[in-house]
Amino acid sequence: TTGALFMTNDGEFANLIMHPSSHLEKVYEVSVKGLLTKAEKNQLERGIYLEGVKTLPCEIAITGNDEEHGTTMLMIRLVEGKNRQIKKMFEEVGHPVKRLRRIMIGPIDLKGLTPGTYRRLKPKEVNVLRTMALKKKNANKKIKEDASHPLALLFSFNYANWAAIDSILNSWIFSFFNDYLC
């Protein structure tokens, strides 16, 4: 898996954004082995049983077929996003995932970021994410007007640049401790 990744110093915000119960939309570019049929696509979109639990419906668009290499390219929009969900879904219908890239979390996308780079989320973006996740998670929960603005970073990553991200995180943690705790 490559693509969008949030990092934050606010555990409550991180859990809210990542937890499947928030139903925050996530969009992925996916390449799978084999040529996905319309029936398989429809089956996946309606939801399938993984480990005894039915997945929520999702949207799948076939963006291309490479018959020479036996590959189907897709765009998938999920509102659940359980651990390894996409890989498990496609394994279940006999199409292992070859490539998976998260391109959007909620309304936040990777525009302007190349792999290995990051940017700080704007306070408005943090509030929009928080509002969307809380609204979907618990419609009756009132959102604080003066919600804090955690440090939140959006990374564009792949495993080749994980060392660079690790370096950024180490300097970020060092800076945080120097700025706030010393």
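**View 1. Ala 61 and Met 75 sit across from each other as bridge partners, Met 75 being in strand S6.** S6 covers residues 71-78, and strand S5 covers 59-66. S5 and S6 pair up antiparallel, with seven bridges between them; two strands count as paired if DSSP finds at least two bridges between them. This is a predicted model, where local features need pLDDT of at least 70, side-chain atom pairs count only at pLDDT 80 or more, and totals for chains, interfaces and linings use all residues. Residues are numbered from 1 along each chain as its sequence is written, and side-chain values use heavy atoms, with hydrogens and water left out. What happens at the turn of this hairpin? Four residues lie between the strands, and Gly 70 takes a positive phi near 60 degrees.

**View 2. On to S2 and S6, another antiparallel pair, joined by eight bridges.** Look for Ser 31, which stands opposite Met 73 of S6. S2 itself runs over residues 26-33. In a regular strand, side chains alternate between the two faces of the sheet.

**View 3. Here is the largest nonpolar core, 18 residues in all.** A nonpolar core is a set of buried Ala, Val, Leu, Ile, Met, Phe, Trp, Tyr and Cys residues joined through side-chain atoms within 4.5 Å. Buried means under 20% relative accessible area, exposed means over 50%, and partly exposed is in between (1.4 Å probe, protein chains only). The residues with the most contacts inside this core are Val 30, Leu 44, Leu 74, Ile 76, Ile 86, Met 89 and Phe 90. Zoom in on Leu 44: leaving aside neighbours within four places in sequence, Leu 44 is in contact (heavy atoms within 4.5 Å) with Leu 36, Cys 58, Ile 60, Met 89, Phe 90 and Val 93.

**View 4. Helix H3 has Gln 85, Ile 86, Met 89 and Phe 90 buried.** Where do they sit around the helix? They cover an arc of only 120 degrees around the axis, so they end up on the same side of H3; the arc is that of the directions from the helix axis to the C-beta atoms. An α-helix has 3.6 residues a turn, so residues three or four places apart point the same way. The cover over the buried residues of H3 includes S2, helix H2 (38-46), S3, S5, S6 and S7. After H3 comes Gly 94, with a positive phi near 85 degrees.

**View 5. Glu 29 and Arg 101 make a salt bridge, their closest N and O atoms 3.3 Å apart.** A salt bridge is a side-chain nitrogen of Lys or Arg within 4 Å of a carboxyl oxygen of Asp or Glu. This pair ties together distant parts of the chain: Glu 29 belongs to S2 and Arg 101 to strand S7 (97-105), 72 residues apart. Glu 29 is partly exposed, because its relative accessibility is 25%, and Arg 101 is partly exposed at 23%.

**View 6. How many salt bridges does the structure hold? There are eight.** One of them joins Glu 125 and Arg 119, at 2.8 Å from N to O. Is Glu 125 buried or exposed? Glu 125 is buried, with a relative accessible area of 15%, while Arg 119 is partly exposed at 24%. Lys 111 and Asp 109 also meet in a salt bridge, at 3.6 Å, and Lys 111 counts as exposed at 68% relative accessibility. Elsewhere, Glu 25, Glu 59 and Arg 77 are linked in a network of salt bridges.

**View 7. Now for the loops, starting with Ser 22, between helix H1 (11-18) and S2.** Ser 22 counts as buried, because its relative accessibility is 0%. A polar atom of the Ser 22 side chain lies 2.9 Å from the backbone oxygen of His 19. In the loop between strands S3 (49-50) and S4 (53-54), Glu 51 has a positive phi of about 55 degrees although it is not a glycine. Most residues other than glycine have a negative phi. Glu 51 is exposed, with a relative accessible area of 69%.

Note on methods. Helices (H or I, at least four residues) and strands (E, at least two) are DSSP runs, numbered from the N terminus. A polar contact is a pair of N or O atoms within 3.5 Å; within protein, one must be able to donate a hydrogen and the other to accept it, and residues adjacent in sequence count only if both atoms are side-chain atoms.
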